[in-house]
Amino acid sequence: MNAWLSLSLAILAEVIGTSALKASDGFSHWLPSAIVVVGYGVAFYCLSLTLRQMPLGIAYAVWSSAGTALIALIGVVVYRQKLDLAAVLGIGLIVAGVLVLNLFSRSSAH
């Protein structure tokens, strides 16, 4: 499997799992709790496939920054959470850092 495809699947599964974590209410609801466990299981499996072809630091930077940005967006849209300017700027800097890493670093797997 292509490294970027498996990394994208890992990100998607992690975002689904983390979104369900909020809905599980401390693992007191069985369906969201099951989604958390399956989501994280799939995420780590796909991330492990990614690491066959991509350096650990690059893969983890992309995985964690994309997950952070997507979860923040889900928090705003689904859970009506508010992000202040500092939160938006911080998330923007995280994403910008990963873009710089991937566009200009020779460490990235292309």
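**Figure 1. The outward side of H4.** Leu85, Ala86, Leu89, Leu93, Leu103 and Phe104 are exposed residues on the face of H4 that is turned away from its buried side. Please keep in mind, as you look through these views, that the model is predicted. Helix H4 runs over residues 85-104. With 20 residues, H4 reaches 28 Å from its first C-alpha to its last, close to the 28 Å expected at 1.5 Å a residue.

**Figure 2. The buried side of H4.** Which residues of H4 are buried? They are Ile91, Val98 and Asn102. Seen down the axis of H4, these buried residues fall within an arc of 35 degrees, so they line one face of the helix. What do the buried residues of H4 pack against? Their partners are H1 and H3.

**Figure 3. The chain as a whole.** Let us step back for a moment before the next close-ups. The protein chain has four helices and zero strands, and its elements run α-α-α-α from the N terminus on. Along the principal axes, the C-alpha atoms fill a box of roughly 45 × 35 × 15 Å. Buried residues make up 34% of the 110 residues in the protein chain. Among contacts with a separation of 6 or more, 65% come from residues 24 or more positions apart.

**Figure 4. Helix H1 from its cap onward.** Helix H1 covers residues 3-24 and has 22 residues. From its first C-alpha to its last, H1 reaches 31 Å, close to the 32 Å expected at 1.5 Å a residue. Which residue caps the N-terminal end of H1? Asn2 does, with a side-chain oxygen 2.6 Å from the backbone nitrogen of Trp4.

**Figure 5. Ser19, a buried serine in H1.** Ser19 is found in helix H1. Its relative accessible area is 17%, and because buried means under 20%, Ser19 counts as buried. A polar atom of the Ser19 side chain lies 2.8 Å from the backbone oxygen of Val15. Not counting residues up to four places away in sequence, Ser19 touches Ile71, Ile74 and Tyr79.

Figure 6. Ser24 lies in helix H1. Is Ser24 buried or exposed? At 0% relative accessibility, Ser24 is buried. Leaving aside its neighbours within four places in sequence, Ser24 is in contact with His29, Pro32 and Ser33. Just after H1 comes Asp25, with a positive phi of about 50 degrees. Asp25 sits in the loop between H1 and helix H2, which spans residues 30-50. With a relative accessibility of 52%, Asp25 counts as exposed.

**Figure 7. Arg80, a second residue with positive phi.** Most residues other than glycine have a negative phi. Arg80 has a positive value, near 55 degrees, in a residue other than glycine. Where is Arg80 found? Its place is in the loop between helix H3 (56-77) and helix H4 (85-104). Arg80 is exposed, and its relative accessible area is 65%. For a side-by-side look, Asp25 also has a positive phi without being a glycine, with a value near 50 degrees.

**Figure 8. Leu47 and its contacts.** Leu47 lies in helix H2. Its relative accessibility of 10% makes Leu47 a buried residue. Which residues are in contact with Leu47, leaving aside its neighbours within four places in sequence? They are Leu7, Ala10, Ala59 and Trp63. For a sense of scale, the C-alpha atoms of Leu47 and Ala20 are separated by 19 Å, and these two residues are 27 residues apart along the chain.

Figure 9. How many aromatic pairs does a search of the whole structure find? It finds two. Ring pairs link Phe44, Tyr60 and Trp63 into a cluster.

Methods
Residues are numbered from 1 along each chain as its sequence is written. This is a predicted model: local features need pLDDT of at least 70, side-chain atom pairs count only at pLDDT 80 or more; totals for chains, interfaces and linings use all residues. Side-chain values use heavy atoms; hydrogens and water are left out. Helices (H or I, at least four residues) and strands (E, at least two) are DSSP runs, numbered from the N terminus. The expected span of a helix is 1.5 Å times one less than its number of residues. A polar contact is a pair of N or O atoms within 3.5 Å; within protein, one must be able to donate a hydrogen and the other to accept it, and residues adjacent in sequence count only if both atoms are side-chain atoms. Rings of Phe, Tyr and Trp (its six-membered ring) pair if their centres lie within 6.5 Å; planes under 30 degrees apart count as stacked, over 60 as edge-to-face and the rest as tilted. Buried means under 20% relative accessible area, exposed over 50%, partly exposed in between (1.4 Å probe, protein chains only). The arc is that of the directions from the helix axis to the C-beta atoms. Contact means heavy atoms within 4.5 Å.
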